[in-house]
Amino acid sequence: MWLNTTVSSFLLTGFPGMEKAHHWISIPLLVVYISILLGNGTLLFLIRDDHNLHEPMYYFLAMLASTDLGVTLVTMPTVLSVLWLNHREIGHGACFSQAYFIHTLSIVESGVLLAMAYDRFIAICNPLRYTSILTNTKVMKIGMGVLTRAGLSIMPIIIRLYWFPYCRSHVLSHAFCLHQDIIKLACADITFNRLYPIVVVFAMVLLDFFIISFSYILILKTVMGIVSGEERAKALNTCVSHICCILVFYVTVVGLTFIHRFGKHAPHVVHITMSYIYFLFPPFMNPVIYSIKTKQIQSGIIHLFSASY
C-alpha cells in the first residue's frame, strides 16, 4: 500500500437540486451557527469567571461546551462556503483532517456525557467524599482520558485514507467530510475501514450509554431511599439537565443511524437534513437546557447582562 500523492480534490455538496435556494437555506443555518457560538461561548465565559461555578459538575459542562463549539467550528465554515460562494473544492489533506476532528469530537461528546454521569453518581451516592474523589486533578485526568481515547480510536481509519487511491467520482454527498463518505470513493480494499467504525461504536458509544444508564439506575435507587421528599426532589433536579443532554445526543444518533440503515429509498435531502440535525441540534440545545434548568447558570447569565448595563 503506497502513499497516495495525487493532488486532486474532493467536491463538497450542498442540497442537490436546490442550488437556487442555497442562499435561503443558509439563513437558518447561520442563525443556528451564531446561536451555538454565543450559547456555548457564554457558558465557557461564565464558568471561567464565576467562582461559584468552579466545581467538577461545571468543569465537565465546560468540556461539553468546548466539544460542541469544536464540532460546529469544524463543520460550518465549509457548509457556509458551499451555500454562499458555491466553493465546493476541498483538498484531500483538509478533508481528511476535517473528518478526523468531526468523528473524534463525536466520541469526545459521548465520553464527556459519561464523565458527567460519573459526577452525578458520586455527588448523589457518595456526597461526603465528593470533593475528595473529584479533585481538580482528577477532573483534568478524566478530560484528558476522554480526549485521548477519542483521538486514538479514530486515528487508524483516517490514516488509511491517505494511502487509498481515489479513481471514482470525487463528489462527496455533504458539505463537510465524513469518513463513510470518503471511503465510498476509494478504489481499494476498504474492509477494515468499514468494520472498524462499527467496533468503535459498539465498544465506546454504546458502552458509554449502557454505563450511563446503569449509573442512573444506581442514582435512582439511592434517591428513592431518601426520606425527605424535598431532598429527593432536589437530588433529582441536579440530574435533569444532564439527562436532557443525554437524550438529545443519543436520540439524534439513533435517528441518523435509522435513516442511514433503513431510509435507503428516502430522498437524499432527508439524509442531508438528518446529518445537519445530528451535528447542530445537540450543540444548540445543550446551552439552552442548562440555562433553563440550572439556577447557578441562570443567575450567572442575569448577573452578566445586568453588569453590562
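Reader: In which hand does α3 pass α9 in their crossing?

Author: In this predicted model, α3 passes α9 in a left-handed crossing, a term used if the near helix is turned anticlockwise from the far one by less than a right angle, whereas clockwise is right-handed. Local features here need pLDDT of at least 70 and side-chain atom pairs pLDDT 80 or more, while totals for chains, interfaces and linings use all residues. Residues are numbered from 1 along each chain as its sequence is written, and side-chain values use heavy atoms, with hydrogens and water left out.

Reader: What makes α3 roughly parallel to α9?

Author: The two helices pack at an angle of about 30°, with their axes 12 Å apart. Because angles under 35 degrees count as roughly parallel (over 145 roughly antiparallel, 65 to 115 roughly perpendicular, the rest oblique), α3 is roughly parallel to α9.

Reader: Which residues make the contact of α3 with α9?

Author: With contact meaning heavy atoms within 4.5 Å, α3 contributes Ile102, Ser106, Glu109 and Met116, and α9 contributes Tyr278, Phe279, Pro282, Asn286 and Tyr290.

Reader: Why is Val82 called buried?

Author: Val82, found in helix α2, has a relative accessible area of 1%, and buried means under 20% (exposed is over 50%, partly exposed in between, with a 1.4 Å probe and protein chains only), so Val82 is buried.

Reader: What is Val82 in contact with, leaving aside its neighbours within four places in sequence?

Author: Leaving those neighbours aside, Val82 is in contact with Leu12, Thr13, Gly14, His22, His87, Arg88 and Ala175.

How values were computed. Axes fitted to C-alpha atoms, helices over the stretch in contact; angles between N-to-C directions. Helix = DSSP H or I, 4+ residues; strand = E, 2+ residues; numbered from the N terminus.
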